[in-house]
Amino acid sequence: MKFNDVAMTFWEHLEELRRRIIISLIALGVFSVLGLIFSKPIIYVLELPLKSPITNMVANAIESGAGTEGSTLGFLALALRIGSSGVESELILTGPFQAIMAYLTIGITIGVVCALPIILYQIWMFVFPALNRKEQRIAVPLFFTIIFFFILGAAFSYFIVVPVVLQFAAGLFPDLRNLWDLKFYMIFVVQLILGFGIAFELPIVMAFLARIGVIDSRGFQGKQRFALMGICVMSALLTPADPGSMLLMAIPLYILYQLGIFFAFLVEKETET
């Protein structure tokens, strides 16, 4: 491997890896401690999809500025209102051990989530010197593109998907009170947010497959029917079985698939030049 055009020995390479791992572990430890310290505000933020004041507030702002009919923003406001759960539920702890475990789970989970960009950056910077100059010019925009799509997917899940899924779950047994364990609720919400963040990386994965020659943009176009079927199956498995929740995942993923075809086309043009 080379670093700043200077060849690195095996031991220097190993030392660089050790340094990156230490930085990642420090970031993980610091953010985990911060997660434990600020556990109450974090719980409040994760409870917002349950109460959905944010989606209602954003919908009101959109409707006051753009109206409610005949516009894309009006449709967005309607989608936000659909995602408003208004679930009558209560988060509970079933014992002192559950309280301790919930406290630790919140801290560690938030630590991992917050430290993830730093960990990814350390991995990126470890691999970066091994790339040639042409690949290095693409690497930085690609890194920020990956982060952008992850944040987009996580935000979509937090504001739209999570409230809808909670509403569906709460309505399965309307005669029973919704007393949900705090620990499992937090894990469920975080997993759903991370799942959508990863799912929104689909265009990047498609561009990568085109870059290494596995399949090109025409191949992706020819397999759209199979892709749509796969997206519907995955949406049915990852969301509640109601059509609304499935569409909330399937439609964005299909749009991202079309965007991935475009990205694959751009990659092909880049490799031809």
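**View 1. Helices α2 and α5 pack at an angle of about 80°, with their axes 10 Å apart.** Here axes are lines fitted to C-alpha atoms, for helices over the stretch in contact, and angles run from 0 to 180 degrees between N-to-C directions; helices (H or I, at least four residues) and strands (E, at least two) are DSSP runs, numbered from the N terminus. The model is predicted, so that local features need pLDDT of at least 70 and side-chain atom pairs count only at pLDDT 80 or more, while totals for chains, interfaces and linings use all residues. Residues are numbered from 1 along each chain as its sequence is written, and side-chain values use heavy atoms, with hydrogens and water left out. The helices α2 and α5 are therefore roughly perpendicular to each other, in a scheme where angles under 35 degrees count as roughly parallel, over 145 as roughly antiparallel, 65 to 115 as roughly perpendicular and the rest as oblique. Ser-39, Ile-42 and Ile-43 of α2 meet Tyr-103, Ile-106 and Ile-110 of α5, where contact means heavy atoms within 4.5 Å. By class, this contact of α2 with α5 holds 5 nonpolar residues, 1 polar residue and no charged residues; Ala, Val, Leu, Ile, Met, Phe, Trp, Tyr, Cys and Pro count as nonpolar, Asp, Glu, Lys and Arg as charged, and the others, Gly among them, as polar.

View 2. When neighbours within four places in sequence are left aside, Ser-39 is in contact with Tyr-103 and Ile-106.

**View 3. Helices α2 and α7 pack at an angle of about 75°, with their axes 11 Å apart.** That angle makes α2 roughly perpendicular to α7. The contact of α2 with α7 divides into 8 nonpolar residues, no polar residues and 1 charged residue. From α2, the residues Ile-43, Leu-46, Glu-47 and Leu-50 meet Leu-182, Tyr-185, Met-186, Val-189 and Val-190 in α7. Leu-46, found in helix α2, counts as buried at 9% relative accessibility. Not counting residues up to four places away in sequence, Leu-46 touches Tyr-185, Met-186, Val-189 and Val-190. The C-alpha atoms of Leu-46 and Tyr-185 are separated by 9.0 Å, although these residues are 139 residues apart along the chain.

**View 4. Helix α5 (residues 96–127) and helix α7 (residues 182–199) pack at an angle of about 15°, with their axes 9 Å apart.** The two helices, α5 and α7, are therefore roughly parallel to each other. In passing α7, α5 makes a left-handed crossing, a name used if the near helix is turned anticlockwise from the far one by less than a right angle, with right-handed used if clockwise. On the α5 side, Gln-98, Met-101, Ala-102, Thr-105, Ile-106, Thr-109 and Val-113 meet Leu-182, Lys-183, Met-186, Ile-187, Val-190 and Leu-194 on the α7 side. The residues of this contact of α5 with α7 comprise 9 nonpolar, 3 polar and 1 charged.

**View 5. The largest nonpolar core has 45 residues.** Such a core is a set of buried Ala, Val, Leu, Ile, Met, Phe, Trp, Tyr and Cys residues joined through side-chain atoms within 4.5 Å. The residues with the most contacts inside the core are Leu-91, Trp-180, Tyr-185, Met-186, Phe-220 and Tyr-257. At least two residues of this core come from each of α2 (39–51), α5, α6 (133–170), α7, α8 (202–211), α10 (224–238) and α11 (243–272). Met-186, leaving aside neighbours within four places in sequence, is in contact with Ile-43, Leu-46, Leu-91 and Ile-106. In soluble globular proteins, nonpolar side chains tend to be buried together.

**View 6. Met-249 and Phe-262 both have their place in helix α11.** At 2% relative accessibility Met-249 counts as buried, whereas Phe-262, at 43%, counts as partly exposed. The C-alpha atoms of Met-249 and Ala-236, which are 13 residues apart along the chain, are separated by 8.9 Å. Phe-262 and Ala-207 are 55 residues apart in sequence and 8.5 Å apart in space, C-alpha to C-alpha.

**View 7. The whole protein has 11 helices and 4 strands.** Of the 273 residues in the protein, 36% are buried. Among contacts with a separation of 6 or more, residues 24 or more positions apart account for 78%.

How values were computed: Buried means under 20% relative accessible area, exposed over 50%, partly exposed in between (1.4 Å probe, protein chains only).
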